[in-house]
Amino acid sequence: RKVWKSELSGKNKVAATNMFAVPVLLYSFGVLKWNRDELKQLDRDTRKLMNIQRSLHPRSSSPRLYFARDNGGRGLLSLECLHDRLVLGLACDVLNGTDPHMEFIHDHELHGVQAFLYKAAETAAANLGLEFICRDGILADESLAFQSKSRRRAIIKEAEQSILLRQHVDKPMHGVFFRHVEEQGLSVQLTFSFLKSAGLMSETEGFICACQDGVINTLVYRSRVMGMHVPDTRCRACKRSPETLMHLLSACPTYAITSY
């Protein structure tokens, strides 16, 4: 709450949250048994706090918050993804460890009562479309347990980012802008360069993302998405074309005289 109430820029607020707020829970991942719903609720509480501070539009895409700013996201760490990442890393270290204590934990995970680490790692790997350990028809090279630590981290991070990006792009409304960038062959780096700057306030950053997600409350949005009865969806400024977001941003003759 202190971070998001501060006067830091949007990028620095995300960095501060990732550095000071999120690590509080890291020590418990893989040691305590976390319920998936508990992690989702914590992420939901963070988004609610961002919304209260006007840093996130209530109807904006949730996955976009969590993938990298280079790809058009906002770079916030998802506790659900971070839990999976740390559980997989810890489970692989236990599986490959030669220390007597590691071997003791390994035996407990195989035969102990209420053992959960390996099960959590298998669930985490399945959510990412990966394999934790070798199974029938799975080669050793395809298993995370047999990868080097650096290679394993890269594979997990790439899988996380790919899934989050695909979840956003596949949305029928929120993903239109991203699909347009891809179809037109536009530069992703230049299109989302504003997210790499530390000069934008979080409110401005959130509003631009809301515009790109197409969730601004125009007359056409009210009619088609919210299901409201709108007798006339023509632009309230020019009275000529339907009041869509793209019309307001780049095609309204009334605003073109001065605002643009």
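User: Buried means under 20% relative accessible area, exposed means over 50%, and partly exposed covers what lies in between. With that in hand for this predicted model, is Phe29 buried or exposed?
Analyst: Happy to start there. Phe29 has a relative accessible area of 4%. The cut-off for burial is under 20%, so Phe29 counts as buried.

User: How are the rings of Phe29 and Trp34 arranged as a pair?
Analyst: A pair of aromatic rings is described by the distance of the centres and the angle of the planes. Here the centres of Phe29 and Trp34 are 5.7 Å apart and the planes stand at 80°. Planes over 60 degrees apart have their own class, so the Phe29 and Trp34 pair is edge-to-face.

User: Which residues do ring pairs link into a cluster?
Analyst: Searching the whole structure gives five aromatic pairs. Some ring pairs join up into a cluster, and its members are Phe67, Phe177, Phe178 and Phe192.

User: Stepping back, what pattern does the protein chain follow along the sequence?
Analyst: The protein chain has 13 helices and zero strands. Its C-alpha trace spans about 75 × 45 × 35 Å along the principal axes. Reading along the sequence, the pattern is α-α-α-α-α-α-α-α-α-α-α-α-α.

User: Which residues lie nearest the centre of the largest pocket?
Analyst: This pocket has a volume of about 530 Å³. Two or more lining residues come from each of α8 (176-183), α10 (202-213), α11 (219-224) and α12 (245-250). By class, the lining has 12 nonpolar, five polar and three charged residues. Out of the 20 residues that line the pocket, those nearest its centre are Val176, Cys211, Gly214, Leu245 and Met246.

User: How many disulfides does the count come to?
Analyst: Two sulfur atoms have to lie within 2.5 Å to count. For Cys81, which is buried at 18% relative accessible area, the nearest cysteine sulfur is that of Cys92, 17 Å away. Cys238 is buried too, at 11%, and the nearest cysteine sulfur to it, that of Cys235, is 3.8 Å away. The disulfide count comes to zero.

User: Where does Arg54 lie?
Analyst: Most residues other than glycine have a negative phi. Arg54 is not a glycine, yet it has a positive phi of about 65°. At a relative accessible area of 66%, Arg54 is exposed. Its place is the loop between α3 (36-52) and α4.

User: What is the relative accessible area of Lys239?
Analyst: Lys239 also has a positive phi, near 60°, in a residue other than glycine. This lysine sits in the loop between α11 and α12. Lys239 is partly exposed, because its relative accessible area is 47%.

Conventions
Residues are numbered from 1 along each chain as its sequence is written. This is a predicted model: local features need pLDDT of at least 70, side-chain atom pairs count only at pLDDT 80 or more; totals for chains, interfaces and linings use all residues. Side-chain values use heavy atoms; hydrogens and water are left out. On a 1 Å grid over the protein atoms alone, a cavity is a set of points where a 1.4 Å probe fits but cannot get out, and a pocket is an open set with protein on both sides within 12 Å along at least five of seven lines; lining residues have an atom within 4 Å of a point. Grid points are joined across faces, edges and corners, and a volume is the space filled by probe spheres set on the points. Helices (H or I, at least four residues) and strands (E, at least two) are DSSP runs, numbered from the N terminus. Ala, Val, Leu, Ile, Met, Phe, Trp, Tyr, Cys and Pro count as nonpolar, Asp, Glu, Lys and Arg as charged, and the others, Gly among them, as polar. Buried means under 20% relative accessible area, exposed over 50%, partly exposed in between (1.4 Å probe, protein chains only). Rings of Phe, Tyr and Trp (its six-membered ring) pair if their centres lie within 6.5 Å; planes under 30 degrees apart count as stacked, over 60 as edge-to-face and the rest as tilted.
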